[in-house]
Amino acid sequence: MDIKQMRYFLAVAQEGHFGRAAERLNMAQPPLTRHIHALEAQLGTPLFVRTPKGTTLTAAGHTLLAEVPNILSLARRAEEQTRLAGQGYIGRLDVGIFSSGILNVIPRLLAGFHTERPEVKIGLHNLSKTEQIAALRERRIAIGFNRLIPDEPDLVVDWIHREPFLVALYEGHPLCKRASLTLADLENERMILYPNAPVPGLAEEVTAAFRAEGVTLRVEQEVEDVVTSIALVASRFGVCVTTESAANLRLPGVVYRPLKSKRLRSIELNCMYRRDDDSPILAAFLALMRQSRNHRHTLPM
């Protein structure tokens, strides 16, 4: 018994008349009659009793009538859900994030996507860069956010946002009196570097910049993330070269100053995803991301 047969049966059962049912279905009566006869033959039992005024249901017909509306409703829901899934309006988007990445653009992107597609479940996974790459390949996440992502043949890397570098100082530090700082101003300052990770990252960029400008780098602490780094600055362990988004932490006792450096001008926040991923949900998120990026990029300075 297929969906079409159920619709034909329901129309005849509700109308109690083949002619009226045929009109409701926008078809001629003879084909409708043939379909009902075929259904009765398939089920091996009559469904209708023909009367001079129309039709009435047999006991078997009443039993079928109790089930058919629910089945048709489930079929419509299945069609609708399938269509929505194919358009990326339902399903799940698993996202790899990292500590300082949640301080600026990424939450706004995810909030905008949730507003646009509220039935898509967003799963957040706090992962390092290496862990994100592994999770993408194992299909545990669909997209990851990070900085300084290495080239991988099976992954696409796209940029989302560029932000300037800042120097985080503790209140009362003599350099707080300056409107902006250079790396030369940080010579022999107790520096806190992050992240302390096996793959190249911000710590390596800062180290290379000090070396390129001939400035002595005095490393006081190497920590895993920006939150720990800024917390140590607040505790007067030292100072830190960080990014603009870190200022959103708003930890008391921390002062930020712009960094003027030829090497450390700005840093990209990137996303990465599998090159062969044809998920409509991912495609919708990437479209929103690029639209948001282009909007920010064209705003007047």
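Trainee: Where does Pro195 lie, and what defines the elements on either side?

Mentor: Pro195 is in the loop between strand S7 (190–193) and helix H7 (202–212). Helices (H or I, at least four residues) and strands (E, at least two) are DSSP runs, numbered from the N terminus. The model is a predicted one, in which local features need pLDDT of at least 70, side-chain atom pairs count only at pLDDT 80 or more, and totals for chains, interfaces and linings use all residues. Residues are numbered from 1 along each chain as its sequence is written, and side-chain values use heavy atoms, with hydrogens and water left out.

Trainee: Which residues lie nearest the centre of the largest pocket, and what makes it a pocket rather than a cavity?

Mentor: Phe98, Ser99, Ser128, Pro195 and Glu224 lie nearest its centre, among 23 lining residues. On a 1 Å grid over the protein atoms alone, a cavity is a set of points where a 1.4 Å probe fits but cannot get out, whereas a pocket is an open set with protein on both sides within 12 Å along at least five of seven lines; lining residues have an atom within 4 Å of a point. The volume of the largest pocket is about 470 Å³, a volume being the space filled by probe spheres set on the points, which are joined across faces, edges and corners.

Trainee: How many cavities does the structure hold, and which residues line the largest?

Mentor: A search of the whole structure finds one cavity of 30 Å³ or more, and about 40 Å³ of space lies in the largest cavity. Its lining consists of Ser100, Gly101, Asn104, Val105, Arg147, His161, Glu163, Ser245 and Leu269.

Trainee: Why is Asn104 called buried?

Mentor: Buried means under 20% relative accessible area, exposed over 50%, and partly exposed in between (1.4 Å probe, protein chains only). Asn104 has 16% relative accessibility and therefore counts as buried. Contact means heavy atoms within 4.5 Å; leaving aside neighbours within four places in sequence, Asn104 is in contact with His161, Glu163, Ser245 and Asn248.

Trainee: Why is Asn146 also placed in a class, and which one?

Mentor: Asn146 lies in strand S5; at 7% relative accessibility, Asn146 counts as buried. Among the residues that Asn146 touches are Phe98, Ser128, Lys129 and Gln132, not counting residues up to four places away in sequence.

Trainee: How do you know where the buried residues of helix H6 (residues 129–137) point?

Mentor: Lys129, Gln132, Ile133, Ala135 and Leu136 are buried in H6. Seen down the axis, these buried residues fall within an arc of 165°, so they line one face of the helix; the arc is that of the directions from the helix axis to the C-beta atoms. The buried residues of H6 pack against strands S3 (91–97), S5 (143–146), S6 (155–170) and S11 (266–274).
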